[in-house]
Amino acid sequence: MIMITGGSGQLSSLVAQKAAVAGLPFVTGSSTVSDGAPDRRRIDFDDPATLDFSGVSTLFLVSAGYAEDDVVMARHENAIAAAEAQGVKHLIYTSLSATGDHLAFALAHRWTERRLKQSGLSWTVLRNGLYAELIGTLAAPVDGVIRAPFGSALISPVAREDLAEAAITVLTAPEQHADTVYELAGKGSWSIADLAGRVGIPYAPAALETTRQSLSSMPLLPFQPPMLMSIYAAAAAGFLESRSTDLGKLLQTAPRDTLALAAAAIRSGT
Ligand SMILES: NC(=O)c1ccc[n+]([C@@H]2O[C@H](COP(=O)([O-])OP(=O)(O)OC[C@H]3O[C@@H](n4cnc5c(N)ncnc54)[C@H](OP(=O)(O)O)[C@@H]3O)[C@@H](O)[C@H]2O)c1
């Protein structure tokens with residue numbers, strides 16, 4: 001049986017929906033449920049006592065990344081250690097693409113990959129690129145102008161739903177993807193100027209310092225401004241462009257139009 005962790009999350013929800021359609025045997029785990037429904041267990045990486053992986057042969061471990069590095073690494077350590085102790089055979093981890101190596105949250109992902117490779121488990125690492133939907137959200141216009149400091153370089157975001165479909169390919173036959181890292185940045189590349197053009201609004205990127213000052217006046221958690229700033233800086237420096245991706249190896253259909261998805265995120269104000 002498969003367990004999909006992070007059940008309340010957007011990626012996990014898509015993976016669970018598609019697993020149901022594919023007829024895969026699975027349960028979900030979520031830190032947000034308190035009951036013990038047979039198909040939905042309480043799984044909170046912060047609380048090792050909840051990590052019941054009984055009957056689970058394949059664990060789909062969705063990163064729980066919205067916290068400081070020490071917290072994220074401890075969460076993932078708890079989950080991997082419990083999987084080792086309880087006889088899970090194969091662990092699939094949703095990591096971060098190589099294009100994201102310069103992002104502030106790359107460290108916890110790379111730590112988790114190393115921990116997983118040193119475990120006694122069979123594993124697959126899905127190195128997910130940044131979501132196109134996220135880029136659209138971060139490029140939200142202010143007074144009708146996109147001011148987010150993405151610079152002018154190309155970026156290669158990916159559709160969250162394509163990542164969920166890629167995950168289903170691995171979940172359908174995990175043994176065929178054992179001890180494999182898949183780089184899953186998007187196939188197409190575009191700039192934020194392209195995005196602005198698609199939506200029909202101007203793009204006038206602010207300086208990084210101006211954006212950092214704006215963020216400092218927002219109700220954000222301490223780890224969030226550096227995380228966001230690293231996305232802008234890495235994009236502007238050209239590090240978020242991918243020249244090759246393994247997406248086509250895992251997708252059964254053509255990748256979704258990421259520029260359209262990012263534009264839709266802007267139009268919907270999400
Ligand atoms: N590639 C990208 O562009 C990108 C962007 C944002 C985030 N991410 C990473 O990818 C993950 C999935 O993305 P998403 O779009 O589905 O994010 P999301 O909708 O914000 O979901 C957050 C996820 O974190 C899980 N989580 C939080 N605290 C947890 C805990 N104590 N124990 C276990 N799980 C916990 C949540 O699961 P429950 O609350 O159900 O337990 C949920 O699955 C995120 O968690 C983050 O690490 C990637």
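I'll start with the lining of the second largest pocket, which divides into 10 nonpolar residues, four polar and one charged. For the classes, Ala, Val, Leu, Ile, Met, Phe, Trp, Tyr, Cys and Pro count as nonpolar, Asp, Glu, Lys and Arg as charged, and the others, Gly among them, as polar.

This is a predicted model, where local features need pLDDT of at least 70 and side-chain atom pairs count only at pLDDT 80 or more, while totals for chains, interfaces and linings use all residues. Residues are numbered from 1 along each chain as its sequence is written, and side-chain values use heavy atoms, with hydrogens and water left out.

A pocket here is an open set of points on a 1 Å grid over the protein atoms alone, where a 1.4 Å probe fits, with protein on both sides within 12 Å along at least five of seven lines; lining residues have an atom within 4 Å of a point. Volume is the space filled by probe spheres set on the points, which are joined across faces, edges and corners.

The second largest pocket holds about 370 Å³ of space. Its lining has 15 residues, and Leu138, Val142, Thr211, Met218 and Tyr232 are the closest to its centre. Helix 7 (208–216) gives the most to that lining, four residues. Helices are DSSP runs of H or I, at least four residues, numbered from the N terminus.

Now the largest pocket, with about 1,200 Å³. Of its 45 lining residues, Ser63, Ala64, Gly65, Tyr66 and Tyr131 are the closest to the centre. Helix 8 supplies the largest share, five residues. By class, this lining has 23 nonpolar, 16 polar and six charged residues.

Technical notes:
Helix = DSSP H or I, 4+ residues; strand = E, 2+ residues; numbered from the N terminus.
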